[in-house]
Amino acid sequence: MADPGRLRELLLPGKRIWLRPASNPQRKTRWSAVLVESPSGDGLVSLDTTLPNRLIGEALRQNWLEEFDGWVLERAEVKMGASRLDFLLAGGRGRKLALEVKSVTLVEDGLALFPDAVTERGARHVRELAEIARRPGWEAAVLFVLQRSDAREIRAARSIDPHFASTLEEAKAARVRILGRRCRVSLDRVVLGPPVPADAG
């Protein structure tokens with residue numbers, strides 16, 4: 001399982017799971033769970049938490065994301081403070097933008113929620129984005145990537161992790177941009193889709 005969350009809302013009795021054979025013969029398990037049938041049964045959910053970073057990385061290299069128009073990908077996996085943030089972008093006049101990407105799989109009543117389990121690491125990343133956004137010449141953003149297509153917006157899951165939700169609110173007040181994208185998930189591919197509204201909630 002690539003997703004470290006609880007997934008109790010997705011791994012339900014009677015729902016189908018799609019597996020992929022492991023390419024590394026040294027792995028302890030021979031298969032990886034990559035897709036699961038949505039609770040409603042009318043769609044698929046990607047379980048690969050590494051996929052959003054790969055999708056966003058490629059989209060940034062191709063200058064495909066209008067949210068970052070005027071920014072150029074400088075490098076990935078950037079050590080800043082006590083964390084390693086996902087992407088560093090460069091803009092005109094020496095401006096920099098720190099970007100963190102978060103995978104979202106939990107949806108309740110059409111509302112996508114992050115996280116699906118308490119995440120001190122996620123809160124630390126958001127705190128550090130807020131610190132970065134306060135620096136002269138710097139901006140920061142968190143981009144939530146919904147690995148399914150059946151939600152109208154993305155919010156912090158306050159009932160699951162109130163500390164993360166409060167930290168995200170504080171980051172928004174510090175001018176950290178909160179962004180969302182949905183994915184189109186099928187059996188043969190996962191495609192990055194259009195923006196979806198996202199907020200601290």
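Reader: What makes the charged end of Arg95 count as sitting over the ring of Trp71?

Author: This is a predicted model. In it, the charged end of Arg95 lies 4.4 Å from the centre of the Trp71 ring. The cut-off for the distance is within 6 Å, with a further limit on the angle to the ring normal. Arg95 is listed as sitting over the ring of Trp71.

Reader: Over which ring does the charged end of Arg135 sit?

Author: Over the ring of Trp138, at 5.5 Å from its centre. The distance cut-off is again within 6 Å.

Reader: How many aromatic pairs does the structure hold?

Author: Two. One joins Phe114 and Phe144, with 5.4 Å centre to centre and 55° between the planes.

Reader: Why is the pair of Phe114 and Phe144 called tilted?

Author: Stacked needs planes under 30 degrees apart, and edge-to-face needs over 60. The angle here is 55°, so the pair is tilted.

Reader: What does the pair of Phe114 and Phe144 tie together?

Author: Phe114 lies in strand S8, residues 111-114, and Phe144 in strand S9, residues 138-146. The pair therefore ties together parts that are 30 residues apart in sequence.

Reader: Are Phe114 and Phe144 buried or exposed?

Author: Buried means under 20% relative accessible area. Phe114 has 11% relative accessibility, so Phe114 counts as buried. Phe144 has 3%, so Phe144 is buried too.

Reader: Why is the pair of Phe114 and Phe164 called edge-to-face?

Author: The planes of Phe114 and Phe164 are 65° apart, and the centres 5.3 Å. Edge-to-face needs over 60 degrees, so 65° qualifies. This pair also links distant parts of the chain: Phe114 is in strand S8, Phe164 in helix H3, residues 162-173, and they are 50 residues apart.

Reader: How do you know whether Phe164 is buried or exposed?

Author: Phe164 has 1% relative accessibility, so Phe164 counts as buried.

Reader: Which residues form one aromatic cluster?

Author: Phe114, Phe144 and Phe164.

Reader: Where is Thr119 found, and what does Thr119 touch?

Author: Thr119 is in the loop between S8 and helix H2 (120-133). Leaving out residues up to four places away in sequence, Thr119 touches Phe114, Asp161 and Phe164.

Reader: Why does Thr119 count as buried?

Author: The cut-off is under 20%, and Thr119 has 17% relative accessibility, so Thr119 counts as buried.

Reader: What lies 2.8 Å from a polar atom of the side chain of Thr119?

Author: The backbone nitrogen of Gly122. A polar contact needs N or O atoms within 3.5 Å.

How values were computed:
Residues are numbered from 1 along each chain as its sequence is written. This is a predicted model: local features need pLDDT of at least 70, side-chain atom pairs count only at pLDDT 80 or more; totals for chains, interfaces and linings use all residues. Side-chain values use heavy atoms; hydrogens and water are left out. Rings of Phe, Tyr and Trp (its six-membered ring) pair if their centres lie within 6.5 Å; planes under 30 degrees apart count as stacked, over 60 as edge-to-face and the rest as tilted. Helices (H or I, at least four residues) and strands (E, at least two) are DSSP runs, numbered from the N terminus. Buried means under 20% relative accessible area, exposed over 50%, partly exposed in between (1.4 Å probe, protein chains only). A charge sits over a ring if NZ of Lys or CZ of Arg is within 6 Å of the ring centre and within 35 degrees of the ring normal. A polar contact is a pair of N or O atoms within 3.5 Å; within protein, one must be able to donate a hydrogen and the other to accept it, and residues adjacent in sequence count only if both atoms are side-chain atoms. Contact means heavy atoms within 4.5 Å.
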